[in-house]
Amino acid sequence: MTHLSVEKTPVTLLGLGAMGTALARAWLAVGHPLTVWNRNPARAAVLAAEGAGVADSAAEAVAANRLVVTCLLDDASVGEVLGGTDLAGRDLVNLTTSTPAQARARAEWARERGARYLDGGIMAVPPMIGVPEAGGYVFYSGSRQLFERHQETLGVPAGTTYVGEDAGFAALHDVALLSAMYGMFAGAAHAFALIRKEDIDPASLAPLLADWLVAMAPAVHQTADQLRSGDYTKGVVSNLAMQVAGTPTFLDTAEQQGVSPELLRPYFELMRRRLAEGSGEEDLTGVIDLLVRGEASTGRGDRP
C-alpha cells in the first residue's frame, strides 16, 4: 500500500501575544512546519515544546520560510521588527491591527523591499482561533494572487474573506464592523443604565435586548440598498420626521432615570440636522452623508 502525504506550507510567525500564540498553535495542530520569533523569548520557548522552531532573531525567522506572517502590537512595531530583515522574495502577510492608510503604506514599503504583500483584519478573539465552529474569520486585501496561493494555509486558524486588491480594504472592513459593534455596545449600555436603579433584574432584560437587536439587524440591508440607489425614501416604515419627533421621549426618560444622554444625544442631533434639510420623508440613511466630512449629501428623498 502506498501512503500519500500532502506537504504542508512552512510558516514563519513574528509576534506571540495572545493572538499570535493562538495562530501558532492552530498551524502546529495540523502539521505546518512553523518558525517563530518574539521579543520575549519565553513565549517562543513554550511553543518550542509544542513543535515550533524558534529563531534567535527576526531576520533569522524571515530567512527560514517564504511565507512570513506578522501579528505584532501595531504598525510601528512591524517596521521596527522587519527593518533589519531581507524581505526579497518573501510573501508577507500582515495580521497586525492598523488603519487603511497604514496598510497601504506598508504594502508599498514591502514592495520596495522585494516582498509580495497581503494585509489582514482578524474578526475573532484568540479562543475562536483554530475552532471552525466558532465562526471567526480574517479579512484579507492586497495581492489576489498571493491570497489564492496561501488561502488554504491562511484558512487553518480561521475562515478567510478576500475583500479586494486595495491593501487598505481589510483594515477598513475590520474597523467598520468593529465600529458598528461599539455602537451596539453603547446602545446596550444606555439600555441597562435606564433600569439600573429600578427593581428590574438585568438578566431579565438581557434576552429581550438581544432578541430586539437581532430583529433590527436586517435594517442594514435596506440602508445599503438606499445608499446604492440614492433614494432614501425607498421602503421607509418610520420616516425621519416621525423619529425625530419621538426623540424627546428618550431624552426625558434618561433625565428622569438619572442617566446621562451622552450616548444618544449625538445621533439625535444628526437626525435633527438631516431633518432641517427638508427631507422628513426619508429613512435615517441621510445621517451617513452628514458623517462624511467635506462631502455634500448625495441622497435625497425627492429623487425619482
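**Questions and answers on a predicted model**

Student: Is H32 buried or exposed?

Tutor: The scale is relative accessible area, taken with a 1.4 Å probe and protein chains only, where buried means under 20%, exposed over 50% and partly exposed in between. Leaving aside neighbours within four places in sequence, H32 is in contact (heavy atoms within 4.5 Å) with K8, T9, V11, W27, T153 and V156. Because its relative accessibility is 6%, H32 counts as buried.

Student: What is the average pLDDT of the protein?

Tutor: The pLDDT is the predictor's confidence in each residue, from 0 to 100. In this model 94% of the residues score at least 70, and the protein averages a pLDDT of 94.

Student: How many contacts does the stretch of residues 296–304 have beyond near neighbours in sequence?

Tutor: The pLDDT is below 50 over residues 1–5, a stretch that has zero contacts in the model beyond near neighbours in sequence. Over residues 296–304 the pLDDT is also below 50, but with near neighbours in sequence again set aside, the number of contacts this stretch has in the model is 24.

Student: Are α4 and α5 roughly parallel or roughly antiparallel?

Tutor: Two packed helices are described by the angle between their axes and the distance between the axes. Here the axes, which are lines fitted to C-alpha atoms, for helices over the stretch in contact, with angles running from 0 to 180 degrees between N-to-C directions, belong to α4 (residues 75–82) and α5 (residues 100–112), and they come within 11 Å and cross at roughly 15 degrees. Angles under 35 degrees count as roughly parallel, over 145 as roughly antiparallel, 65 to 115 as roughly perpendicular and the rest as oblique, and therefore α4 and α5 are roughly parallel.

Student: How many residues of the contact of α4 with α5 are nonpolar?

Tutor: The contact is made by D75, V78, G79 and L82 of α4 together with Q102, R106 and W109 of α5. Ala, Val, Leu, Ile, Met, Phe, Trp, Tyr, Cys and Pro count as nonpolar, Asp, Glu, Lys and Arg as charged, and the others, Gly among them, as polar. On that division, two of the contact residues are polar and two are charged, while the number of nonpolar residues is three.

Student: Is the crossing of α10 and α11 left-handed or right-handed?

Tutor: The axes of α10 (residues 240–256) and α11 (residues 265–276) come within 10 Å and cross at roughly 145 degrees. A crossing is left-handed if the near helix is turned anticlockwise from the far one by less than a right angle, and right-handed if clockwise. The crossing in which α10 passes α11 is left-handed.

Student: How many Å apart in space are D56 and E281, C-alpha to C-alpha?

Tutor: D56 has its place in the loop between β3 (53–54) and α3 (58–64), and at 69% relative accessibility D56 counts as exposed. D56 and E281 are 225 residues apart in sequence, and C-alpha to C-alpha their distance in space is 65 Å.

Key. Residues numbered from 1 in each chain as written. Predicted model: local features only at pLDDT ≥ 70, side-chain atom pairs only at ≥ 80, totals over all residues. Heavy atoms only, no water. Helix = DSSP H or I, 4+ residues; strand = E, 2+ residues; numbered from the N terminus.
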